[in-house]
Amino acid sequence: MTMTQPDVLALWKELESRVATGDRFAGLFAARAVDHNVITLSAYLATAGDVHTLEVRLPPGATGYPALTPRVGAAFWYERVIHDQFGLVPEGHPRLAPLIRPGDPLPRHVEGYGMFTIPHGPVRSGVMESIEYLVETPGEAIPHLNMRVFYKHRGVEQRFSGLTVSDGVLLAERTEGIASVAHALAFCHAVERIAGCEPPPVAGLVRVLHAELERIANHLDVAMRLADAAGLAVATARLALHKERVMRLVSRMCGSRFGRGVVVPGGVSALPRLAPAELEGEIGRLARQVRSEAAALMATSSFLDRLRGTGPLTPARARTHGALGPIGKAAGFADDHRLARPYDGYRTLPVPPARAHTAGDAMARLRVRWEEVDSSFGLLGLAAAEWAERTGDQPRASCEPADGRALGWAEAPQGEVLYDVSAAEGRIVRCHPRSASFHNLVLMHEVFAGDILTDFPFIEASFGLSIAGVAL
């Protein structure tokens, strides 16, 4: 649903009011009209069962607008991106430094005797994405952290313009590689809404199979990085092995370790290459191995000591920001699209609700991930069993490209993924993707409460985000 307001302040007041009464702020972006003179601001609100788009057109030639951030703090990074992209000044924004564009060195936030800044990145040891952390410290404590994410900016949103819908799926899958399936799902859901097509039930089940395997692989990766930060070489190696087994299973199902090429508008490109019984057997074996490994890791006291109380996000902050995925659930705020706004096979499969957590620390974030891994294995078993009864069904419905605009979503391992897609004459006019990584990473500024430099790798790993998904 898209609603238009007459002016910016009217839109901001409605947003502020609806967020205060329970809706979740889900994003803000700007788009320039074809004549390149008028800019539209679009805000997303997650409501019960839907995601609404609220819009306002700025006056022709406008160079600024009253900032939303003082009213809705979660808009902080979104308005910095708008400034980077269009030069629009959100008047009253507390810190309008470049985010996805290179800029001058960031000013210090903390002054005092012995304070200095440690630049950590963008190149670091190991297989790590390019990001520069500027750690302000007197030596051990971390009173403030800045982040420079522009090294990964690729202009993905602009690259969508002019592509065919089928090529758009390929780009969506590569927007945030570790969540390829979730991005393809969100994009295809938007396209399917425009075209008015509904994937067949068997396609919804296959989509669930790939989405849940992607979730397990991501959560195993987080656990592996946490074990590595603690110097647990055996646990690191074994968790990496289980993640590899998951990705090899995905490859055997479709030919791609990342599940690429499976999700297409109207359904899936083909049914899995494994027989249902064989897939169920593989899932059962993996489940037993991973659960055993998780139990051993969570019984290692030296490991748990490094997580307990590290990088806490308060429940109040999680709620006001609308923290997504495991980061929000670990702090008592859960808004999972599979439950709140179900799609594909999740409409009929029993997705377990998140357990209650309030600590919001690295320990709680890992516990949430193990719980999601456990529920994912349960969903995989159910989906595989239902698929066994539909092996003769067609995996794809006709979904001819249509003109229009729609919003699509999916629940990635990191949380909510949104795609705002406009199409005309068989091609994409505009596509705005928004990952959970972008929405959540800004919270890393706020969780260094009493933590020291050696806690940094635990906090970063426990967030489990992708910088590629931040600097699109």
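Modeller: Phe438 has a relative accessibility of 7% and therefore counts as buried, a word used for anything under 20% relative accessible area, while exposed means over 50% and partly exposed lies in between, with a 1.4 Å probe and protein chains only. Please keep in mind that this is a predicted model, in which local features need pLDDT of at least 70 and side-chain atom pairs count only at pLDDT 80 or more, whereas totals for chains, interfaces and linings use all residues. Residues are numbered from 1 along each chain as its sequence is written, and side-chain values use heavy atoms, with hydrogens and water left out.

The structure holds 12 aromatic pairs, where rings of Phe, Tyr and Trp (its six-membered ring) pair if their centres lie within 6.5 Å, and planes under 30 degrees apart count as stacked, over 60 as edge-to-face and the rest as tilted. Trp77 and Phe438 make one of these pairs, a tilted one, with 5.8 Å from centre to centre and 55 degrees between the planes. This pair links distant parts of the chain, for Trp77 belongs to helix H2 (residues 76–86) and Phe438 to helix H14 (residues 436–441), 361 residues apart; helices here are DSSP runs of H or I with at least four residues, strands are E runs of at least two, and both are numbered from the N terminus. Trp77 also counts as buried, because its relative accessibility is 2%.

Phe438 has a further partner in Tyr78, and that pair is edge-to-face, with centres 4.9 Å apart and 70 degrees between the planes. Here too distant parts of the chain are linked, since Tyr78 lies in helix H2 and Phe438 in helix H14, 360 residues apart. At 4% relative accessibility, Tyr78 is likewise counted as buried. Taken as a group, Phe25, Trp77, Tyr78 and Phe438 form one aromatic cluster.

Another link across the sequence is a disulfide, meaning a pair of cysteine sulfur atoms within 2.5 Å, and a search of the whole structure finds 1. Cys197 and Cys399 form this bond, with their sulfur atoms 2.2 Å apart. Cys197 lies in the loop between helix H5 (180–195) and helix H6 (201–229), and Cys399 in the loop between helix H13 (362–388) and strand E12 (404–412), so the pair ties together parts that are 202 residues apart in sequence. Both Cys197 and Cys399 are buried.
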